[in-house]
Amino acid sequence: MCRLIRYCVSHSLYAAMTRVEEVNKGASLWMSIRYLGYLSTLNVLVAICLGLYVRWERTSQPVLLVIFILGLFVLGMASIFYYYFSMERVSLCLFHLWLGFLLGLLCFINGSFLGMDLKEQVTCYMLLSSVVIRTLWALVERLCGCTRPRPALLKSAEALELTGFAVASTTQGAQDSMSLAVLALAVAALVADLRMKSFLALPNLICFSVVTAVFFFKSLGVTTNPYALACFLSRLVCEPLLDIYFSGLSVTERWSPFLRRGGLWRRLTLLPLLAIEITFLVLSAYKMGNLDRWYIVIPSFSASAIFWIICHMVFLVTLWGFHSKLSDCQRACVAQWAEPGALDRVMASRGMRHFCLISKRLVFFSLVSTVTLGALSWQHSNSLFISVFLLVLPLESLAYGLFYELGNCLGGTSVGYAVVIPTNYCSLDGQPTLLPPDLVQELNLRSTGMLNNVQRFFSYHMIETHGCDYSTSGLMLSALQAKLRSFLEAHTADGPRYDTYVLFYSGHTHRTGEWALAGGDVLRLDEIVQLWKEKNAGYCSRLILVLDTENSLPWVKEVRKVKDGYVAVQGATLTITTDLEVQNAPQLGDFTSQWVDFNCNHNSTVRWAERGRSIMAAYGLSRHWGDYKLHLPTGNDVAKHWKLYFPRLTYPVVQLVQWCSALNLFWICGICLRFMRRVKLNWFPPAVLDTGQGFKLVRS
């Protein structure tokens with residue numbers, strides 16, 4: 001007994017100590033990574049102090065000594081606020097503001113008087129080593145999972161360091177100081193561009209680095225410290241650049257600080273954007289002062305300026321329309337949903353994807369017009385023009401990236417129609433008859449639950465409800481066909497057809513799958529497909545039938561023979577048991593309940609692949625289902641969009657955008673990909689097929 005007690009106690013102690021060691025190892029790893037970041041910051045501070053001391057020693061300017069002492073005092077105050085008063089935010093604000101200011105001074109107070117001073121060389125090497133250590137710290141931190149990306153266009157530390165850098169630029173002349181302040185804004189826009197993973201973020205970074213190194217600082221006419229500049233820029237750009245690969249945030253999560261802002265605030269951001277664009281146009285006009293080749297300069301600038309003005313009228317109107325649609329989505333989200341992912345579904349249901357696909361083409365032409373105007377009016381000696389040009393590029397790139405990402409990630413529009421005929425008992429002639437009175441209440445409860453599940457499915461995935469018909473006596477064929485025609489020809493409020501049409505049916509069917517209707521009529525699959533082809537002629541929408549019937553499997557097999565169009569059938573087979581003692585035999589409505597729970601509940605316990613299921617799901621796809629793509633804007637869609645949002649003056653630009661978008665330079669690759677998708681879906685269909693609308697088709 002004593003041995004047993006001793007064994008239990010020793011084993012428990014060993015397990016506890018092992019756990020403590022594991023925790024300590026984890027904490028040790030985290031602290032080691034954190035100390036690496038502290039080492040980088042300490043390296044920068046020592047380099048700044050040494051660099052300022054060298055400049056004071058060489059110039060004997062008392063201002064540098066005052067700034068040096070004041071910097072040490074501010075650093076001490078920040079430490080006191082942090083450790084003694086627990087005012088972390090105030091402490092970090094002071095620290096980053098002064099760090100940016102002192103790095104800016106180190107950049108601009110530079111000259112030949114430093115020469116080959118040993119302390120200056122040590123300063124430069126320490127700045128470079130700080131860049132290396134900080135990059136290594138940011139990389140290791142992400143590799144070890146010690147950081148969690150948070151959505152933000154620009155962090156407070158980055159904004160404060162840029163503010164300090166802009167204040168330090170006041171040591172230069174008025175025009176140079178203004179140019180450097182605009183350059184700081186350009187760096188902020190570039191950081192936001194990288195953090196949002198904009199499509200053109202990396203080309204913007206390369207363009208910014210080349211232009212500033214080759215043209216901007218030469219146009220200032222001042223000698224700068226390239227090591228301090230590289231250290232300052234790397235501190236801001238390093239983490240957003242690494243997050244392009246490591247950040248796992250979705251598009252709407254990354255853009256949430258902007259997308260969740262109020263409509264008034266978002267519209268007010270157009271005012272500074274408009275001021276920056278007008279400033280760029282005015283500075284570009286300074287090129288007209290070069291009259292050496294007036295016969296080339298004046299016509300080229302005039303043509304490019306007119307094209308730029310028209311494109312940017314389109315650009316501003318597009319942004320205004322986007323804010324209006326986003327405000328509508330926000331109001332719908334507040335009225336219907338409270339969960340974080342609701343905005344995605346609301347935007348998809350309100351046609352935001354279609355709007356963004358057209359808008360990204362228009363914004364891209366605005367970006368092209370800016371590059372063209374900047375190239376034709378390039379002024380290598382005008383630092384203010386160069387800095388404004390570097391500011392405009394990332395701002396327009398941000399707008400293009402927003403429309404590009406939303407156009408690719410948002411689902412299309414959907415509309416749904418449900419038919420429930422609770423007559424699953426039939427007479428000898430095969431026609432549906434009413435149930436005995438003692439089963440009416442049970443059937444009504446089951447049918448009501450089915451309708452509630454369908455409504456939940458439509459509401460959760462923001463599927464526009466065209467109607468839900470419930471009839472205990474059956475429907476006439478003519479009445480059902482009229483309702484199907486109305487459903488299949490439905491259009492969105494903006495004009496184009498819906499991307500997906502979802503038709504739900506539950507009721508009596510014959511063994512071959514036909515719907516049994518009142519009066520001895522039946523509705524076959526080929527009739528629905530033929531009606532769909534008539535209504536969808538010239539369009540690329542798709543039809544999904546969801547069947548909760550006893551004989552849905554024949555239609556699942558039959559739809560695979562459909563050649564033209566995109567049609568899918570989701571059905572299920574119910575296990576038939578002859579044992580009268582089995583109380584939980586599957587009934588109509590059980591499949592709908594499980595399928596809706598699977599598609600609307602992230603924590604659903606439904607497992608379609610498990611063995612011994614009483615409800616076996618199955619789906620069938622038409623032969624060309626793999627070719628389907630969400631509706632892309634056609635010429636008519638662009639024309640309607642133009643008439644709805646833009647003035648008549650902009651029509652040539654919209655037509656040019658449409659013509660350029662029609663060019664398909666990679667058609668061979670598209671053919672190969674379509675063939676591979678067809679082979680995959682026809683021969684190796686996945687167990688769970690994502691429709692791209694938020695819900696999935698399943699098979700057991």
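Modeller: Gladly! One definition to begin with: a polar contact is a pair of N or O atoms within 3.5 Å, and within protein one of them must be able to donate a hydrogen and the other to accept it. Please keep in mind that this is a predicted model.

Colleague: Is T549 buried or exposed?

Modeller: Leaving aside residues up to four places away in sequence, T549 touches Y505, S506, G507, T509, A572 and L588. Buried means under 20% relative accessible area. T549 has 3% relative accessibility, so it counts as buried.

Colleague: Thanks! Stepping back, how many helices and strands does the protein chain have?

Modeller: The chain has 700 residues, and 48% of them count as buried. Of its contacts with a separation of 6 or more, 80% are between residues 24 or more positions apart. Its secondary structure comes to 24 helices and ten strands.

Colleague: Let's look at α2. Why do its buried residues line one face of the helix?

Modeller: Helix α2 (residues 62-83) has 22 residues and reaches 32 Å from its first C-alpha to its last, close to the 32 Å expected. Its buried residues include L64, I67, G71, V74 and A78. Seen down the axis of α2, the buried residues line one face because they fall within an arc of 80°.

Colleague: And which residues are exposed on the other side of α2?

Modeller: The buried side holds L64 and I67, among others. Across from them, the exposed residues of α2 are P62, V66, F73 and Y83.

Colleague: How far apart in space are L343 and C333?

Modeller: L343 lies in helix α14 (residues 342-349), and it is buried, with a relative accessible area of 3%. Not counting residues up to four places away in sequence, it touches L259, R260, C329 and C333. L343 and C333 are ten residues apart in sequence, and from C-alpha to C-alpha the distance is 6.1 Å.

Colleague: One last stop: which residue's backbone nitrogen does the side chain of N599 reach?

Modeller: N599 sits in helix α21 (residues 590-600) and counts as buried, at 7% relative accessibility. Beyond residues up to four places away in sequence, N599 touches F457, Y460, H461, G694, F695 and K696. At 2.6 Å, its side chain reaches the backbone nitrogen of K696.

Conventions
Residues numbered from 1 in each chain as written. Predicted model: local features only at pLDDT ≥ 70, side-chain atom pairs only at ≥ 80, totals over all residues. Heavy atoms only, no water. Helix = DSSP H or I, 4+ residues; strand = E, 2+ residues; numbered from the N terminus. Expected span 1.5 Å × (residues − 1). Buried < 20%, exposed > 50% of the residue type's maximum accessible area, 1.4 Å probe, protein only. Arc of directions from axis to C-beta. Contact = heavy atoms within 4.5 Å.
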